[in-house]
Amino acid sequence: MNEKNLICFDTLIIGGGPAGTGLLLKSLKDGGTNGFFNRRVALVEQSSQLIAGNITQYQVNSDTLSDVFLECLDGATSNFFNLEQLSAEIELVQSYKGKSIPLPKLAAYFNKLGALLKEALTAAQKCTFFMNTIVERVVQDKDGIYSIHLSGRQQLITARQIVLATGGIPKTQSDTTFAHTISLSPYCDKIIHTDTILRLGLGNDLKITLKNNPRVVIMGGSHSAFSAAHYLLNGPDGITFKNGDIQIWSTRRPKIYFNNKAEALASGYDDFGEDDFCPVTGKLYRLAGLRMDGRALYMQMLGLGHAIKENRVVHNVFTNQMLEIEEQLKSAALIISAYGYQLNRIPFFDANGDEIQFNGTKTNRWVNDNCELLDKNEKAIPSVFATGMATGFIPKGELGGEPTFNGQTNGIWYYQNAIADLIMRNLGVMMEE
Ligand SMILES: Cc1cc2nc3c(=O)[nH]c(=O)nc-3n(C[C@H](O)[C@H](O)[C@H](O)COP(=O)(O)OP(=O)(O)OC[C@H]3O[C@@H](n4cnc5c(N)ncnc54)[C@H](O)[C@@H]3O)c2cc1C
(Lines give C-alpha, C1' and ligand atoms only; values in the text may rest on other atoms or scores of the structure.)
Protein backbone atom coordinates (compact mmCIF):
# COMPACT_ATOMS: atom_id res chain seq x y z
CA MET A 1 0.00 0.00 0.00
CA ASN A 2 1.29 3.41 -1.03
CA GLU A 3 1.99 5.42 2.15
CA LYS A 4 -0.08 8.40 1.09
CA ASN A 5 -3.06 6.08 0.88
CA LEU A 6 -2.66 5.06 4.50
CA ILE A 7 -4.19 7.16 7.27
CA CYS A 8 -3.67 6.22 10.90
CA PHE A 9 -6.10 6.97 13.73
CA ASP A 10 -6.22 6.16 17.40
CA THR A 11 -9.98 5.62 17.57
CA LEU A 12 -12.31 4.84 14.71
CA ILE A 13 -16.10 4.92 15.11
CA ILE A 14 -17.94 2.84 12.53
CA GLY A 15 -21.49 4.17 12.02
CA GLY A 16 -22.64 7.74 12.51
CA GLY A 17 -26.17 7.17 13.80
CA PRO A 18 -27.37 8.12 17.30
CA ALA A 19 -24.97 5.68 18.97
CA GLY A 20 -21.77 6.42 17.00
CA THR A 21 -22.25 10.18 17.26
CA GLY A 22 -23.24 9.70 20.92
CA LEU A 23 -19.55 9.64 21.87
CA LEU A 24 -18.85 12.89 20.04
CA LEU A 25 -21.89 14.69 21.43
CA LYS A 26 -21.17 13.53 24.97
CA SER A 27 -17.60 14.79 24.70
CA LEU A 28 -18.84 18.22 23.61
CA LYS A 29 -21.52 18.28 26.30
CA ASP A 30 -18.77 17.68 28.87
CA GLY A 31 -16.73 20.55 27.46
CA GLY A 32 -14.33 18.47 25.39
CA THR A 33 -12.23 17.92 28.50
CA ASN A 34 -12.40 14.15 28.81
CA GLY A 35 -9.37 13.63 26.61
CA PHE A 36 -11.29 11.92 23.83
CA PHE A 37 -10.35 14.55 21.29
CA ASN A 38 -6.69 14.54 22.32
CA ARG A 39 -6.33 11.49 20.17
CA ARG A 40 -6.82 11.11 16.45
CA VAL A 41 -10.50 10.26 16.07
CA ALA A 42 -12.35 9.33 12.88
CA LEU A 43 -15.89 8.28 12.02
CA VAL A 44 -17.09 6.37 8.95
CA GLU A 45 -20.74 6.65 7.92
CA GLN A 46 -22.29 5.01 4.92
CA SER A 47 -24.93 7.67 4.33
CA SER A 48 -24.55 11.42 3.82
CA GLN A 49 -26.12 12.26 7.21
CA LEU A 50 -24.97 12.09 10.80
CA ILE A 51 -27.04 11.35 13.94
CA ALA A 52 -30.36 10.42 12.26
CA GLY A 53 -29.36 6.81 11.59
CA ASN A 54 -32.46 4.69 11.16
CA ILE A 55 -34.71 6.02 13.88
CA THR A 56 -36.34 8.78 11.81
CA GLN A 57 -37.54 6.26 9.25
CA TYR A 58 -40.09 4.62 11.56
CA GLN A 59 -43.63 5.88 10.98
CA VAL A 60 -44.51 5.76 14.67
CA ASN A 61 -44.25 7.99 17.72
CA SER A 62 -41.14 7.91 19.88
CA ASP A 63 -41.22 5.62 22.88
CA THR A 64 -39.26 8.20 24.85
CA LEU A 65 -40.22 11.75 25.75
CA SER A 66 -39.28 14.20 22.99
CA ASP A 67 -37.29 16.13 25.63
CA VAL A 68 -34.70 13.33 25.66
CA PHE A 69 -33.66 14.14 22.09
CA LEU A 70 -32.68 17.69 23.12
CA GLU A 71 -30.56 16.66 26.10
CA CYS A 72 -27.43 16.34 23.97
CA LEU A 73 -27.51 20.14 23.61
CA ASP A 74 -27.13 20.65 27.37
CA GLY A 75 -23.86 21.35 29.15
CA ALA A 76 -21.08 22.87 27.08
CA THR A 77 -22.40 21.80 23.65
CA SER A 78 -23.32 25.36 22.72
CA ASN A 79 -19.65 26.41 23.13
CA PHE A 80 -18.82 24.41 20.04
CA PHE A 81 -21.48 25.59 17.64
CA ASN A 82 -24.11 28.24 17.39
CA LEU A 83 -27.40 26.69 18.40
CA GLU A 84 -29.23 29.70 16.93
CA GLN A 85 -28.82 27.99 13.59
CA LEU A 86 -30.91 25.13 14.92
CA SER A 87 -33.64 27.21 16.50
CA ALA A 88 -36.46 26.26 14.10
CA GLU A 89 -35.67 22.55 14.45
CA ILE A 90 -35.37 22.78 18.24
CA GLU A 91 -38.68 24.64 18.39
CA LEU A 92 -40.39 21.83 16.49
CA VAL A 93 -39.08 19.21 18.92
CA GLN A 94 -40.00 21.44 21.87
CA SER A 95 -43.56 21.67 20.62
CA TYR A 96 -43.85 18.03 21.77
CA LYS A 97 -42.50 18.80 25.25
CA GLY A 98 -43.50 16.18 27.81
CA LYS A 99 -44.90 13.95 25.07
CA SER A 100 -43.71 11.53 22.48
CA ILE A 101 -42.90 12.88 19.01
CA PRO A 102 -43.54 11.24 15.59
CA LEU A 103 -40.08 9.87 14.77
CA PRO A 104 -39.93 11.27 11.17
CA LYS A 105 -40.29 14.75 12.69
CA LEU A 106 -36.83 14.35 14.24
CA ALA A 107 -35.18 14.09 10.82
CA ALA A 108 -34.65 17.82 10.19
CA TYR A 109 -33.30 18.36 13.71
CA PHE A 110 -30.91 15.40 13.66
CA ASN A 111 -29.68 16.09 10.13
CA LYS A 112 -28.93 19.75 10.84
CA LEU A 113 -27.34 19.02 14.20
CA GLY A 114 -25.27 16.35 12.45
CA ALA A 115 -24.11 18.85 9.83
CA LEU A 116 -23.17 21.38 12.56
CA LEU A 117 -21.33 18.69 14.51
CA LYS A 118 -19.34 17.67 11.47
CA GLU A 119 -18.51 21.24 10.54
CA ALA A 120 -17.37 22.15 14.07
CA LEU A 121 -15.27 19.05 14.66
CA THR A 122 -13.70 19.18 11.21
CA ALA A 123 -12.78 22.86 11.62
CA ALA A 124 -11.25 22.17 15.04
CA GLN A 125 -9.44 19.13 13.62
CA LYS A 126 -10.94 16.99 16.36
CA CYS A 127 -12.43 14.33 14.14
CA THR A 128 -12.10 13.16 10.53
CA PHE A 129 -15.33 12.13 8.85
CA PHE A 130 -15.60 9.65 5.99
CA MET A 131 -19.14 10.12 4.71
CA ASN A 132 -20.91 8.02 2.04
CA THR A 133 -18.41 5.34 2.89
CA ILE A 134 -19.04 1.76 3.95
CA VAL A 135 -16.65 -0.22 6.11
CA GLU A 136 -16.45 -3.56 4.34
CA ARG A 137 -14.17 -5.43 6.72
CA VAL A 138 -11.77 -4.99 9.57
CA VAL A 139 -8.51 -6.94 9.79
CA GLN A 140 -6.35 -7.19 12.87
CA ASP A 141 -2.61 -6.95 12.19
CA LYS A 142 0.06 -8.92 14.08
CA ASP A 143 0.88 -5.86 16.22
CA GLY A 144 -2.77 -5.43 17.26
CA ILE A 145 -3.53 -2.50 14.97
CA TYR A 146 -6.69 -2.76 12.89
CA SER A 147 -6.81 -2.15 9.14
CA ILE A 148 -10.16 -0.91 7.98
CA HIS A 149 -11.20 -1.58 4.39
CA LEU A 150 -13.54 1.00 2.92
CA SER A 151 -15.87 0.64 -0.05
CA GLY A 152 -14.92 2.41 -3.25
CA ARG A 153 -11.77 4.04 -1.80
CA GLN A 154 -8.15 3.40 -2.46
CA GLN A 155 -7.35 4.55 1.05
CA LEU A 156 -6.76 2.08 3.82
CA ILE A 157 -7.16 3.40 7.29
CA THR A 158 -5.78 1.95 10.47
CA ALA A 159 -6.86 2.38 14.06
CA ARG A 160 -5.74 1.18 17.47
CA GLN A 161 -9.28 1.11 18.82
CA ILE A 162 -12.63 0.58 17.17
CA VAL A 163 -16.14 1.49 18.26
CA LEU A 164 -18.72 -0.42 16.29
CA ALA A 165 -22.03 1.48 16.04
CA THR A 166 -23.62 0.00 12.95
CA GLY A 167 -27.14 -0.39 14.35
CA GLY A 168 -29.37 -3.45 14.21
CA ILE A 169 -30.96 -5.60 11.56
CA PRO A 170 -34.26 -7.45 11.99
CA LYS A 171 -33.71 -10.94 13.34
CA THR A 172 -34.41 -13.50 10.70
CA GLN A 173 -32.80 -16.73 11.77
CA SER A 174 -35.55 -17.53 14.25
CA ASP A 175 -38.35 -16.27 12.01
CA THR A 176 -39.50 -19.76 11.26
CA THR A 177 -39.97 -21.05 14.79
CA PHE A 178 -41.77 -19.59 17.74
CA ALA A 179 -40.79 -20.54 21.30
CA HIS A 180 -38.55 -23.26 19.80
CA THR A 181 -41.75 -25.19 19.18
CA ILE A 182 -44.01 -23.85 16.46
CA SER A 183 -42.80 -23.85 12.89
CA LEU A 184 -43.86 -20.81 10.94
CA SER A 185 -42.48 -22.06 7.64
CA PRO A 186 -45.89 -23.13 6.26
CA TYR A 187 -46.96 -19.50 6.57
CA CYS A 188 -43.86 -17.78 5.23
CA ASP A 189 -45.77 -16.07 2.39
CA LYS A 190 -47.78 -14.05 4.91
CA ILE A 191 -45.06 -13.23 7.47
CA ILE A 192 -43.68 -9.70 7.70
CA HIS A 193 -41.20 -8.36 10.27
CA THR A 194 -42.33 -5.43 12.43
CA ASP A 195 -39.42 -3.44 11.00
CA THR A 196 -41.00 -3.47 7.53
CA ILE A 197 -44.42 -2.44 8.78
CA LEU A 198 -43.12 0.32 11.04
CA ARG A 199 -40.99 1.75 8.23
CA LEU A 200 -43.14 1.23 5.16
CA GLY A 201 -46.67 0.65 6.38
CA LEU A 202 -48.79 -2.13 4.94
CA GLY A 203 -48.66 -1.56 1.20
CA ASN A 204 -51.71 -1.60 -1.07
CA ASP A 205 -52.07 -5.36 -1.57
CA LEU A 206 -51.92 -6.06 2.13
CA LYS A 207 -54.41 -3.30 2.85
CA ILE A 208 -56.91 -4.92 0.49
CA THR A 209 -56.26 -8.35 2.01
CA LEU A 210 -56.77 -7.04 5.54
CA LYS A 211 -59.95 -5.22 4.60
CA ASN A 212 -61.40 -8.62 3.62
CA ASN A 213 -59.87 -10.56 6.48
CA PRO A 214 -58.52 -8.37 9.31
CA ARG A 215 -57.11 -11.22 11.39
CA VAL A 216 -53.50 -10.60 12.38
CA VAL A 217 -51.18 -12.67 14.59
CA ILE A 218 -48.11 -11.02 16.09
CA MET A 219 -45.41 -13.42 17.26
CA GLY A 220 -43.15 -12.07 20.02
CA GLY A 221 -43.77 -9.63 22.84
CA SER A 222 -41.13 -7.00 22.14
CA HIS A 223 -41.86 -3.29 22.24
CA SER A 224 -42.15 -3.42 18.46
CA ALA A 225 -45.01 -5.95 18.76
CA PHE A 226 -47.13 -3.40 20.60
CA SER A 227 -45.96 -0.57 18.33
CA ALA A 228 -47.08 -2.64 15.33
CA ALA A 229 -50.48 -3.35 16.91
CA HIS A 230 -50.86 0.34 17.74
CA TYR A 231 -49.93 1.24 14.18
CA LEU A 232 -52.54 -1.18 12.77
CA LEU A 233 -55.28 0.31 14.96
CA ASN A 234 -54.33 3.96 14.50
CA GLY A 235 -52.28 4.13 11.29
CA PRO A 236 -53.38 5.63 8.00
CA ASP A 237 -54.74 2.41 6.50
CA GLY A 238 -58.29 2.65 7.84
CA ILE A 239 -58.79 -1.06 8.49
CA THR A 240 -61.63 -1.96 10.81
CA PHE A 241 -60.62 -4.52 13.41
CA LYS A 242 -63.16 -6.33 15.57
CA ASN A 243 -62.64 -7.77 19.05
CA GLY A 244 -59.88 -10.39 19.04
CA ASP A 245 -58.76 -9.69 15.46
CA ILE A 246 -55.18 -8.89 16.53
CA GLN A 247 -53.57 -11.62 18.64
CA ILE A 248 -50.14 -11.15 20.20
CA TRP A 249 -48.25 -14.25 21.39
CA SER A 250 -45.18 -14.20 23.58
CA THR A 251 -43.52 -16.51 26.06
CA ARG A 252 -43.66 -14.01 28.92
CA ARG A 253 -46.00 -11.32 30.12
CA PRO A 254 -45.01 -7.86 28.85
CA LYS A 255 -43.94 -5.34 31.47
CA ILE A 256 -45.15 -1.81 31.95
CA TYR A 257 -42.98 1.19 32.84
CA PHE A 258 -44.07 3.39 35.75
CA ASN A 259 -42.39 6.38 37.38
CA ASN A 260 -42.77 4.77 40.80
CA LYS A 261 -44.56 2.11 42.80
CA ALA A 262 -47.39 4.38 43.93
CA GLU A 263 -48.32 5.26 40.33
CA ALA A 264 -48.29 1.60 39.34
CA LEU A 265 -50.55 0.55 42.23
CA ALA A 266 -52.87 3.50 41.69
CA SER A 267 -53.54 2.33 38.16
CA GLY A 268 -54.17 -1.24 39.33
CA TYR A 269 -50.83 -2.72 38.20
CA ASP A 270 -49.10 -5.05 40.62
CA ASP A 271 -47.19 -7.45 38.36
CA PHE A 272 -43.77 -6.73 39.85
CA GLY A 273 -41.37 -7.49 42.69
CA GLU A 274 -38.83 -5.33 44.51
CA ASP A 275 -36.04 -6.23 42.04
CA ASP A 276 -38.07 -4.74 39.19
CA PHE A 277 -37.32 -1.20 40.39
CA CYS A 278 -34.25 0.72 39.26
CA PRO A 279 -32.20 1.34 42.44
CA VAL A 280 -30.89 4.63 41.04
CA THR A 281 -34.18 6.25 39.96
CA GLY A 282 -36.89 4.19 41.70
CA LYS A 283 -38.64 3.69 38.36
CA LEU A 284 -40.48 0.44 37.73
CA TYR A 285 -39.27 -1.60 34.73
CA ARG A 286 -37.10 1.34 33.68
CA LEU A 287 -35.46 -0.78 30.97
CA ALA A 288 -37.89 -3.59 30.20
CA GLY A 289 -41.17 -1.70 30.50
CA LEU A 290 -43.40 -0.76 27.59
CA ARG A 291 -43.56 3.00 27.08
CA MET A 292 -45.71 5.57 25.30
CA ASP A 293 -48.09 4.22 22.61
CA GLY A 294 -47.19 0.57 23.20
CA ARG A 295 -47.67 1.06 26.92
CA ALA A 296 -50.98 2.90 26.49
CA LEU A 297 -52.27 0.09 24.28
CA TYR A 298 -51.27 -2.69 26.68
CA MET A 299 -52.76 -0.79 29.63
CA GLN A 300 -56.01 -0.48 27.69
CA MET A 301 -55.91 -4.18 26.89
CA LEU A 302 -55.60 -4.92 30.62
CA GLY A 303 -58.21 -2.31 31.50
CA LEU A 304 -55.78 -0.49 33.81
CA GLY A 305 -56.18 3.07 35.03
CA HIS A 306 -59.09 4.96 33.57
CA ALA A 307 -58.64 3.52 30.11
CA ILE A 308 -61.58 2.11 28.17
CA LYS A 309 -60.85 -1.59 27.73
CA GLU A 310 -59.33 -2.44 24.35
CA ASN A 311 -60.60 -5.81 23.16
CA ARG A 312 -59.49 -5.70 19.53
CA VAL A 313 -55.98 -6.73 20.57
CA VAL A 314 -55.46 -9.75 22.82
CA HIS A 315 -52.20 -10.82 24.42
CA ASN A 316 -51.53 -14.52 25.02
CA VAL A 317 -48.72 -16.07 27.02
CA PHE A 318 -47.70 -19.24 25.21
CA THR A 319 -47.96 -22.29 27.44
CA ASN A 320 -48.26 -24.94 24.73
CA GLN A 321 -51.71 -24.02 23.39
CA MET A 322 -50.77 -25.73 20.15
CA LEU A 323 -54.22 -26.12 18.63
CA GLU A 324 -55.29 -22.57 19.37
CA ILE A 325 -52.16 -21.01 17.95
CA GLU A 326 -52.12 -23.22 14.83
CA GLU A 327 -55.75 -22.33 14.18
CA GLN A 328 -54.98 -18.62 14.48
CA LEU A 329 -51.94 -18.86 12.23
CA LYS A 330 -53.96 -20.65 9.56
CA SER A 331 -56.81 -18.17 9.55
CA ALA A 332 -54.69 -14.99 9.82
CA ALA A 333 -54.26 -12.81 6.76
CA LEU A 334 -51.02 -11.45 8.18
CA ILE A 335 -48.43 -12.78 10.63
CA ILE A 336 -46.05 -10.22 12.04
CA SER A 337 -42.77 -11.41 13.49
CA ALA A 338 -41.67 -9.25 16.40
CA TYR A 339 -38.46 -10.96 17.42
CA GLY A 340 -36.45 -7.77 17.60
CA TYR A 341 -33.02 -7.04 16.18
CA GLN A 342 -29.51 -8.38 16.03
CA LEU A 343 -26.32 -6.41 15.65
CA ASN A 344 -25.59 -5.30 12.09
CA ARG A 345 -22.13 -6.81 12.11
CA ILE A 346 -19.32 -6.37 9.67
CA PRO A 347 -16.69 -9.05 9.06
CA PHE A 348 -13.68 -8.97 11.39
CA PHE A 349 -10.56 -11.03 10.71
CA ASP A 350 -7.82 -11.92 13.17
CA ALA A 351 -4.08 -11.67 12.54
CA ASN A 352 -4.09 -15.17 10.98
CA GLY A 353 -6.70 -14.12 8.44
CA ASP A 354 -9.46 -16.17 10.11
CA GLU A 355 -12.87 -14.56 10.40
CA ILE A 356 -13.78 -13.86 14.00
CA GLN A 357 -17.09 -15.39 15.09
CA PHE A 358 -19.10 -13.36 17.57
CA ASN A 359 -20.74 -14.49 20.80
CA GLY A 360 -23.87 -12.49 19.95
CA THR A 361 -24.73 -14.54 16.89
CA LYS A 362 -25.97 -17.32 19.17
CA THR A 363 -26.66 -15.55 22.45
CA ASN A 364 -27.64 -11.99 21.46
CA ARG A 365 -25.06 -10.81 23.97
CA TRP A 366 -22.53 -9.10 21.74
CA VAL A 367 -20.71 -7.16 24.43
CA ASN A 368 -19.58 -7.55 28.03
CA ASP A 369 -20.15 -5.10 30.89
CA ASN A 370 -17.41 -2.83 29.46
CA CYS A 371 -19.11 -2.77 26.03
CA GLU A 372 -16.22 -4.78 24.58
CA LEU A 373 -17.22 -6.88 21.57
CA LEU A 374 -17.07 -10.59 22.42
CA ASP A 375 -15.85 -13.45 20.27
CA LYS A 376 -17.60 -16.83 20.28
CA ASN A 377 -15.63 -17.89 23.38
CA GLU A 378 -16.91 -14.81 25.24
CA LYS A 379 -13.44 -13.31 25.10
CA ALA A 380 -13.21 -9.57 24.47
CA ILE A 381 -11.77 -8.75 21.05
CA PRO A 382 -8.89 -6.43 22.00
CA SER A 383 -9.71 -2.71 21.79
CA VAL A 384 -13.02 -3.23 19.97
CA PHE A 385 -16.19 -1.84 21.56
CA ALA A 386 -19.79 -1.79 20.41
CA THR A 387 -22.63 0.58 21.20
CA GLY A 388 -26.16 1.12 19.98
CA MET A 389 -29.07 -0.93 18.80
CA ALA A 390 -29.07 -4.63 19.70
CA THR A 391 -25.65 -4.92 21.35
CA GLY A 392 -27.30 -6.65 24.32
CA PHE A 393 -25.55 -4.35 26.79
CA ILE A 394 -27.14 -4.51 30.23
CA PRO A 395 -26.61 -1.47 32.47
CA LYS A 396 -25.70 -2.22 36.06
CA GLY A 397 -24.77 -0.41 39.26
CA GLU A 398 -24.54 3.35 38.93
CA LEU A 399 -25.85 3.14 35.35
CA GLY A 400 -29.22 2.14 36.76
CA GLY A 401 -31.89 -0.23 35.47
CA GLU A 402 -33.86 -2.93 37.26
CA PRO A 403 -31.78 -5.92 38.51
CA THR A 404 -34.17 -8.37 36.81
CA PHE A 405 -33.52 -6.93 33.34
CA ASN A 406 -31.99 -9.26 30.76
CA GLY A 407 -32.99 -7.77 27.40
CA GLN A 408 -31.54 -5.07 25.16
CA THR A 409 -31.05 -1.42 26.12
CA ASN A 410 -32.12 0.35 22.96
CA GLY A 411 -32.35 4.00 23.90
CA ILE A 412 -30.69 7.13 22.61
CA TRP A 413 -30.29 8.56 26.12
CA TYR A 414 -28.02 5.66 27.00
CA TYR A 415 -25.99 5.95 23.78
CA GLN A 416 -25.46 9.67 24.29
CA ASN A 417 -24.79 9.49 28.03
CA ALA A 418 -24.08 6.45 30.20
CA ILE A 419 -22.80 4.12 27.45
CA ALA A 420 -20.78 6.88 25.75
CA ASP A 421 -19.14 7.62 29.10
CA LEU A 422 -18.42 3.98 29.80
CA ILE A 423 -16.81 3.39 26.41
CA MET A 424 -14.77 6.58 26.52
CA ARG A 425 -13.52 5.67 30.00
CA ASN A 426 -12.41 2.30 28.69
CA LEU A 427 -10.84 3.79 25.58
CA GLY A 428 -8.95 6.25 27.78
CA VAL A 429 -7.71 3.58 30.15
CA MET A 430 -6.32 1.63 27.25
CA MET A 431 -4.56 4.62 25.77
CA GLU A 432 -2.76 5.28 29.05
CA GLU A 433 -1.48 1.71 29.37
C1 LIG B 1 -39.30 1.05 15.74
C2 LIG B 1 -38.25 1.61 16.66
C3 LIG B 1 -38.52 2.75 17.39
C4 LIG B 1 -37.55 3.27 18.26
N5 LIG B 1 -37.86 4.36 19.00
C6 LIG B 1 -36.96 4.86 19.85
C7 LIG B 1 -37.28 6.01 20.65
O8 LIG B 1 -38.36 6.56 20.59
N9 LIG B 1 -36.31 6.49 21.48
C10 LIG B 1 -35.09 5.90 21.60
O11 LIG B 1 -34.27 6.38 22.38
N12 LIG B 1 -34.78 4.82 20.87
C13 LIG B 1 -35.66 4.27 20.01
N14 LIG B 1 -35.35 3.17 19.27
C15 LIG B 1 -34.09 2.44 19.52
C16 LIG B 1 -32.80 3.08 18.96
O17 LIG B 1 -32.50 4.26 19.66
C18 LIG B 1 -32.86 3.40 17.49
O19 LIG B 1 -33.07 2.22 16.76
C20 LIG B 1 -31.56 4.06 16.98
O21 LIG B 1 -31.72 4.34 15.60
C22 LIG B 1 -30.34 3.17 17.16
O23 LIG B 1 -29.19 3.91 16.87
P24 LIG B 1 -27.85 3.21 16.31
O25 LIG B 1 -26.88 4.29 16.09
O26 LIG B 1 -27.49 2.08 17.18
O27 LIG B 1 -28.29 2.54 14.94
P28 LIG B 1 -28.77 3.20 13.56
O29 LIG B 1 -29.76 4.27 13.80
O30 LIG B 1 -29.22 2.04 12.73
O31 LIG B 1 -27.45 3.84 12.95
C32 LIG B 1 -26.41 3.02 12.48
C33 LIG B 1 -25.59 3.85 11.51
O34 LIG B 1 -24.49 3.08 11.05
C35 LIG B 1 -24.32 3.24 9.66
N36 LIG B 1 -23.68 2.02 9.15
C37 LIG B 1 -24.15 0.75 9.21
N38 LIG B 1 -23.27 -0.11 8.67
C39 LIG B 1 -22.19 0.62 8.27
C40 LIG B 1 -20.94 0.31 7.64
N41 LIG B 1 -20.62 -0.96 7.34
N42 LIG B 1 -20.09 1.32 7.35
C43 LIG B 1 -20.41 2.60 7.67
N44 LIG B 1 -21.57 2.96 8.27
C45 LIG B 1 -22.45 1.99 8.57
C46 LIG B 1 -25.76 3.44 9.14
O47 LIG B 1 -25.77 4.13 7.90
C48 LIG B 1 -26.39 4.26 10.25
O49 LIG B 1 -26.26 5.64 10.07
C50 LIG B 1 -36.28 2.63 18.38
C51 LIG B 1 -36.02 1.49 17.62
C52 LIG B 1 -36.98 0.99 16.77
C53 LIG B 1 -36.66 -0.25 15.96
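In the predicted model, helix α6 (residues 223–234) packs against helix α8 (residues 292–302) at an angle of about 80°, their axes lying 8 Å apart; helices are DSSP runs (H or I, at least four residues) numbered from the N terminus, and axes are lines fitted to C-alpha atoms over the stretch in contact, with angles running from 0 to 180 degrees between N-to-C directions. The angle therefore makes α6 roughly perpendicular to α8, a term covering 65 to 115 degrees. His223, Phe226, Ala229, His230 and Leu233 of α6 meet Asp293, Gly294, Leu297, Tyr298 and Met301 of α8, where contact means heavy atoms within 4.5 Å. Residues are numbered from 1 along each chain as its sequence is written, and side-chain values use heavy atoms, with hydrogens and water left out. Local features need pLDDT of at least 70 and side-chain atom pairs count only at pLDDT 80 or more, whereas totals for chains, interfaces and linings use all residues.

The protein is divided into domain 1 (3–170 + 342–432) and domain 2 (177–254 + 290–339), with bounds that come from an automatic or database domain assignment. The centres of the two domains, taken over C-alpha atoms, are separated by 32 Å, and 13 residues of domain 1 are in contact with ten residues of domain 2.

The largest nonpolar core has 122 residues, and Leu24, Tyr109 and Ile148 have the most contacts inside it; such a core is a set of buried Ala, Val, Leu, Ile, Met, Phe, Trp, Tyr and Cys residues joined through side-chain atoms within 4.5 Å, buried meaning under 20% relative accessible area with a 1.4 Å probe and protein chains only. This core draws at least three residues from each of domain 1 and domain 2.

Definitions and conventions: Helix = DSSP H or I, 4+ residues; strand = E, 2+ residues; numbered from the N terminus. Parallel < 35°, antiparallel > 145°, perpendicular 65-115°, else oblique. Buried < 20%, exposed > 50% of the residue type's maximum accessible area, 1.4 Å probe, protein only.
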